[in-house]
Amino acid sequence: MDGIKTDKLESSLLIVILDTNPVWWGKKKIAQDPMTLSHCVDCLTVLANSHLMVSHNNKLAVIAAHTDISTFLYPSSQPARPDIFKLPDDGQYEVFNSVESQLRTQLKTLIEADKAQVDYMEEQSSDSLLAGAMCMALCYIHRLEKECPIGESLTARILILKGSDDCPSQYMNFMNAVFTAQKQNVVIDACILDSESGLLQQACDITGGTYLNIPQAQGLLQYLLWVFLPDPSSRSKMALPPRAQVDYRAACFCHRNLIEIGYVCSVCLSIYCSFSPICSTCQTTFKIIGPQKLVKKKIKKP
Ligand SMILES: [Zn+2]
Ligand SMILES: [Zn+2]
């Protein structure tokens, strides 16, 4: 049977999760930071188009992690809006045009819905629904894997572009998503635009992805193209920034604070920052073994 090559058709799926938290991006705009949402989306579009250009079989999805909703920006079922959609320039690849117009259309719809909501809500939460967006990405990967024709193989990875702070209240959902990704062989990469994220450090470390807190906002496009465009399999051949130290703190189940030392339920492994006689997760009652009896015995002996 020599001479017969059965090369599998390989396609690579890149899912980008963009943190569109209006509170964080709003702060950046007030501070007149060079990092604006539109700059970020421009860089993201270039990365997305480059990924599609690397191979004809490559696939792309972009998900927005917002404060109250996670939604697909690309591919989307809604048609591009005529006020944002521009006709393809001469010679522009139609797919590139469709990526750009859909991203912008969906983002504008999202921001407009936000504006309408601000009138009702005085204060918006500053958290992004990252865990929800990750679950949507994992479901999408699962679906594409199922739809993948025989003889084709699909590798998937998730890139998270995040600016806002960590949200320990999503700790459980977040870690569940991370372990699911690990089981599905999905690599999670993180590109951090602001303060370090302990949760994403753990996610990248567990799934074998790259974690990078970009030192300069102006260089976002360079970092995206040099660090996050290559497939994880070819990264070992490249000189990439050294691995970040991982902050392995866990969030307590009672207050969702990140703690270094805490109490662990011996039955269900729930974590608590202070001792409680009943585990609130599995309802196990713990007997308090006090030192009083021993002390009394010692006193009685002499
Ligand atoms: Zn606590
Ligand atoms: Zn328990």
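Colleague: Does Phe275 count as buried, partly exposed or exposed, and at what relative accessibility?

Modeller: This is a predicted model. Buried requires under 20% relative accessible area and exposed over 50%. Phe275 falls between these limits at 44% relative accessibility, so the residue counts as partly exposed.

Colleague: Which kind of aromatic pair do Tyr263 and Phe275 form?

Modeller: Tyr263 lies in strand S9, and Phe275 in the loop between strand S10 and helix H8, so the pair ties together parts that are 12 residues apart in sequence. The ring centres of Tyr263 and Phe275 are 5.9 Å apart. Planes over 60 degrees apart count as edge-to-face. With 70 degrees between the planes, the Tyr263 and Phe275 pair is edge-to-face.

Colleague: How many residues apart in sequence are the parts that Phe72 and Tyr140 tie together?

Modeller: The structure holds 4 aromatic pairs. One of them, Phe72 with Tyr140, is tilted, with 5.2 Å centre to centre and 55 degrees between the planes. Phe72 belongs to strand S3 and Tyr140 to helix H4, so the parts tied together are 68 residues apart.

Colleague: What is the geometry of the site of the zinc ion (ligand 2)?

Modeller: The protein donors are the SG atoms of Cys265, Cys268, Cys279 and Cys282, lying 2.2 to 2.3 Å from the zinc ion (ligand 2). Along the chain these donors follow the spacing C-x2-C-x10-C-x2-C. Four donors count as tetrahedral if all angles lie between 85 and 135 degrees. The angles among the 4 donor atoms are 106 to 115 degrees, and the site is tetrahedral.

Key. Residues are numbered from 1 along each chain as its sequence is written. Chains are lettered from A and ligands numbered from 1 in the order in which they are written. This is a predicted model: local features need pLDDT of at least 70, side-chain atom pairs count only at pLDDT 80 or more; totals for chains, interfaces and linings use all residues. Side-chain values use heavy atoms; hydrogens and water are left out. Rings of Phe, Tyr and Trp (its six-membered ring) pair if their centres lie within 6.5 Å; planes under 30 degrees apart count as stacked, over 60 as edge-to-face and the rest as tilted. Helices (H or I, at least four residues) and strands (E, at least two) are DSSP runs, numbered from the N terminus. Buried means under 20% relative accessible area, exposed over 50%, partly exposed in between (1.4 Å probe, protein chains only). Donors are N, O and S atoms within 2.8 Å of the metal (3.2 Å for Na, K and Ca); water is not among the atoms, so sites may look incomplete. Four donors count as tetrahedral if all angles lie between 85 and 135 degrees; four count as square planar and six as octahedral if opposite donors are over 155 degrees apart and all others between 65 and 115; anything else is irregular.
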